[in-house]
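Hi everyone, thanks for coming.

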Amino acid sequence: MIFEAEQYAPKVQLPPVTGDGFRLHCSLNSPPRIKAETEAGQQYAAAFLGSQKDDYFRREAIFQDNPLFAERGFMLDISRDRVPTMEFLFALVDWLAALRYNQLQLYTEHTFAFAKHETVWKEASPLTKDEVQALEKHCAQRQIELVPNQNCFGHMERWLRHSDYQHLAECPNGFNHPVTGPRDHGTTLYPSKESEHFVREILDEVLPIYRSKKANIGGDEPWELGQGRSREMVEKHGKHSVYLPFLETIFEITTSLGKEPIFWADIILERPKLVEKLPKNVIPAIWGYHPDHPFAEQCEVVSKAGFRGRFQVVPGSGTWNSFTGRLSFATRNIESAATNGFNQGARGLVLTCWGDGGHQQATPSLFPSLVLAALASWSGNRGTDDLGGLIDQVFYPSKRPGHGQAIVNLGRVDEMLPYPNHNQSFLHAAFFSSNEKIDELSKLVDIQKLERVCEWMNAIPTDELDPSIQLAKRMNLWAAHRCAGKMNRRMKDAFDLDDELKEIKRDFSSVWLAESRIGGLEDSLKRFPG
């Protein structure tokens, strides 16, 4: 059972059934009766009944569960090298339905087969129009809304690195990225009529494919805005006075195509007074991926500015730039987003899974966060004492128990070590860093701590489990031994790094192709050491 519904004595005054909620009336001598206001609620109630033993309901009792958010969404990044196969996407939708999600977004930059823009997607194995429509049909049968998600302001590097689109860039010849350093191409559109025409063209092709009346149009992290062609305007009027008018143009294009614009609210929230100036038909998406993200303050700002009931809170799965996931980070992040979002009247909670750095994380590292965000979205949440068991029930129903607990235990590895930066695990950094940076990382830990981490991982039985779980564990162990070898000759000699890396690369490709398309695999492998 995924959600333990509230239990009531038969004569207790009951709260109303709301949204996709349901109520089950159980008695000794008759079948359970379902009350639900929506088709989704009826399906959830039926699934709840089907998940229990018959004798569970042979008593006088009433079970009730209501959603805390009208929109319970998941967003998967399909633009950082990894584009899933249709088989995987269908399975993902089935998992989401079992967890009572009702919205799916596939974050897209260049990985759609645009009719006039083959240059940007020809090596990426993109989604096609027919595939989107087939997926949408599968979603609709499971009460899930497939919402288009097409970034079209910042994060345009997959377009702007090509000469055909360089003229649209804020910094056509590159800039110094504040996180990753020098880039030889831009990532942000220059706010201009040419860029407006470009955005209109790509949205005009993509958005009408979807039946959803919503569309996420991005707008986050325009890193270099004001450093290039808009420098004079930004120096004169300020970055936000240049940013907001172009964002509003994208809103107008989206609205003209019959869609309600959802946008990432990070830049607007830098100047809270600007929130009041936003058109009231848009949906701010407040994102933050760390336990200390100021959801309380930001949700209050957006709610008081007239968006109560019209905004989303967006926590993260804590899996990118990791192999097995930062489970502690994700748990606290999701709890904060859900609590503060509900208190301030958020319309939705959308869990995000990004693929920064080449999307090398194991897919099962996502499963704990999917369960946690689902639980946090319903009033009947009874806690996660058996998180491993819940993972087994949803994701491995026909396999022997143990997958879930292994995934949970591996998700605790990252918190046993320091974080080299706020968005990357130590072992992920140790795996991909240059030899010079490995020397720096080694100074953050002692050999005893690395030995304890290796002992912890080796004690987790994974030999008979999902190959992706086994691979994630091996990648962590390889990184730990690589770092430890800088400090201890014995550990270095006990582990053949070169041979193991060759096998990891081979198995990484095999696991990748089992659930993802070939496009992007080569780019992801290029990031590996050696």
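Which exposed residues does helix 4 carry on the face turned away from its buried side? They are Asp130 and Lys137. Before I go on, keep in mind that this is a predicted model.

So let's get to know this helix. Helix 4 runs over residues 129-140. With its 12 residues, helix 4 spans 16 Å from first C-alpha to last, close to the 16 Å you'd expect at 1.5 Å a residue.

Now for the other side. The buried residues in helix 4 are Val132, Leu135, Glu136, His138 and Cys139. Why do we talk about one side here? Because they take up an arc of only 160° around the axis, and that places them on the same side of helix 4. As a reminder, an α-helix has 3.6 residues a turn, so residues three or four places apart point the same way.

And what sits over those residues? The cover over the buried residues of helix 4 includes helix 2, at 86-98, strand 6, at 103-108, and strand 7.

Now the loops at either end. Ser125 isn't a glycine, yet its phi is positive, at about 50°.

Past helix 4, on the way to strand 7 (145-150), the loop contains Gln143. Gln143 isn't a glycine either, and it has a positive phi of about 60°. Is Gln143 partly exposed or buried? Its relative accessibility is 22%, so Gln143 counts as partly exposed; the cut-off for buried is under 20%.

Definitions and conventions:
Residues numbered from 1 in each chain as written. Predicted model: local features only at pLDDT ≥ 70, side-chain atom pairs only at ≥ 80, totals over all residues. Heavy atoms only, no water. Helix = DSSP H or I, 4+ residues; strand = E, 2+ residues; numbered from the N terminus. Buried < 20%, exposed > 50% of the residue type's maximum accessible area, 1.4 Å probe, protein only. Expected span 1.5 Å × (residues − 1). Arc of directions from axis to C-beta. Contact = heavy atoms within 4.5 Å.
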